Every structure is written in C-alpha cells, then in structure tokens.
Amino acid sequence: MSEDSRSDEIKRLEEEGELAADYLEELLDIADFDGDIEIDVENGRAAVAIVSEGDDSDLLRLVGDDASVLDALQELTRLAVQAQTGERSRLMLDVANYRTNRRSELRVITEEAITQVKVKGEPVELEPMNPFERKVCHDVIAAAGLISESEGVEPNRRVVIHPNPAQAEETE
C-alpha cells in the first residue's frame, strides 16, 4: 500500500470514527449518561471509546451481561456509520474500558492454555466466546506459533488450540 493510499485510508477511518462519535453523543444525551468519546485508528479500523473521568456505573449499563449491550450498541453504531457512508463499517466500540480490560484477561487465559498445549502436546478448548474475544485469542495463539480454530455454533463457539506439528518435529 502506497503512503498516499495509507494516508487516505487513515483519513477515511478517522471520518468513520467522527460519524460514530456524533451518533454516540446523541445516544448519550438521550439516555442522560455522562461520557467522553475518544476516537483512534487501530489495526486498520476505527476505534471509538466512551469513557468517563469518574463513576463508570452508568456507562457499565451500556456494557451489559457478557457485553451483550456493548455488542448491540457497536452494531447499531456500525449501521449508523454505514447509513452515512454507504459502506460497511468494521469499527470497534469500547465502553468504560471493558474491551481493553477483557483483552488483557483473555491474553492471560490464552497464554495459560498455550502452556498446557506445549506441555501435554494435546489440544485445549477454551470457554465459549463472542467473535471479538475469539479474535484476541487467535492472535495470541498465532504469535506463540501454535494453531487454532473456532469450533461449535454460537453462542457456544469456542477456540481450540492445537500443537504445531512443525514444532513437535523440531523437539524430537
């Protein structure tokens, strides 16, 4: 990708973030929630976060049990952006640092499972997760040089970590 096209892509994603922020500001006003909107570009997608400087209890209501409200709000925000741009949005939404904190938890869980796979040489299944959580796990597993796949049907879809056959041959 040329520097000009990379710059154009970043501008497009920043505009997507601005549209999402406008939508979310209106939503926060309607719900009478306090929160600041932060916009960034991460991993080739717009990243929008609703944060507060004080008590997060109101904002946590926008996360819900197992992030179900957050996932729905993210999809609504993506649709609002699509309505403005005519293109499908892949933006990521975080509220009260829920996804940031969950990403850290998932790294620890995945690294522990990777250790089990390396010690036992057998596949390990993780708990059922949503697509965001599975993606975090797959990235950690790939960085460790192992193989993973998602198995099952929503809402019980889970990541399975497999030993890397190439690594097993190297240790023999």
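## Ground rules

In this predicted model, local features need pLDDT of at least 70 and side-chain atom pairs count only at pLDDT 80 or more, while totals for chains, interfaces and linings use all residues. Residues are numbered from 1 along each chain as its sequence is written, and side-chain values use heavy atoms, with hydrogens and water left out.

## The R3H region and its sheet

Let's start with the annotation. UniProt, in an unreviewed entry, places the feature "domain: R3H" at residues 100-165; such positions are given in the numbering used here, feature names are shortened, and annotations may be inferred rather than shown by experiment. Over residues 100-165 the chain is 53% helix and 23% strand, with the end C-alpha atoms 32 Å apart. Helices (H or I, at least four residues) and strands (E, at least two) are DSSP runs, numbered from the N terminus.

Three strands form an open sheet in the order 4-6-5, with antiparallel pairing; two strands pair if DSSP finds at least two bridges between them. Strand 4 (124-128) and strand 5 (147-151) stand at the edges, and each has a single partner strand, so one side of each lacks a neighbour in the sheet. From one strand to the next, the twist averages 20°. Strand 5 and strand 6 (residues 158-162) run antiparallel and are joined by five bridges. Looking into strand 6, you will find Ile 161 as the bridge partner of Ser 148.

## Helix 4 against the sheet

Helix 4 packs on the sheet, touching strand 4 and strand 6, where contact means heavy atoms within 4.5 Å. The direction of helix 4 makes about 155° with that of strand 4. For such angles, axes are lines fitted to C-alpha atoms, for helices over the stretch in contact, and values run from 0 to 180 degrees between N-to-C directions.

Thr 115 is a handy residue to look at in helix 4 (residues 98-120). Thr 115 counts as partly exposed, at 47% relative accessibility; the classes are buried under 20% relative accessible area, exposed over 50% and partly exposed in between (1.4 Å probe, protein chains only). From C-alpha to C-alpha, Thr 115 and Ala 144 are 9.9 Å apart in space and 29 residues apart in sequence.

## Salt bridges

Side chains of opposite charge can pair when their charged atoms come close. How many salt bridges does a search of the whole structure find? The search finds twelve, each being a side-chain nitrogen of Lys or Arg within 4 Å of a carboxyl oxygen of Asp or Glu. Among the residues involved, Arg 102, Glu 105, Glu 127 and Glu 133 are linked in a network.

One of the pairs is Asp 71 with Arg 99, whose closest N and O atoms are 3.0 Å apart. This pair links distant parts of the chain, with Asp 71 in helix 3 (residues 68-85) and Arg 99 in helix 4, 28 residues apart. Asp 71 is partly exposed at 26% relative accessibility, whereas Arg 99 is buried at 3%.

Within helix 3, Arg 78 and Glu 75 lie three residues apart, about one turn of the helix. Their salt bridge has its closest N and O atoms 3.8 Å apart. Here Arg 78 is buried, with a relative accessible area of 12%, and Glu 75 is partly exposed at 29%. Arg 61 also forms a salt bridge, with Asp 58, at 3.4 Å between the closest N and O atoms. Arg 61 is exposed, with 56% relative accessible area, while Asp 58 is partly exposed at 31%.
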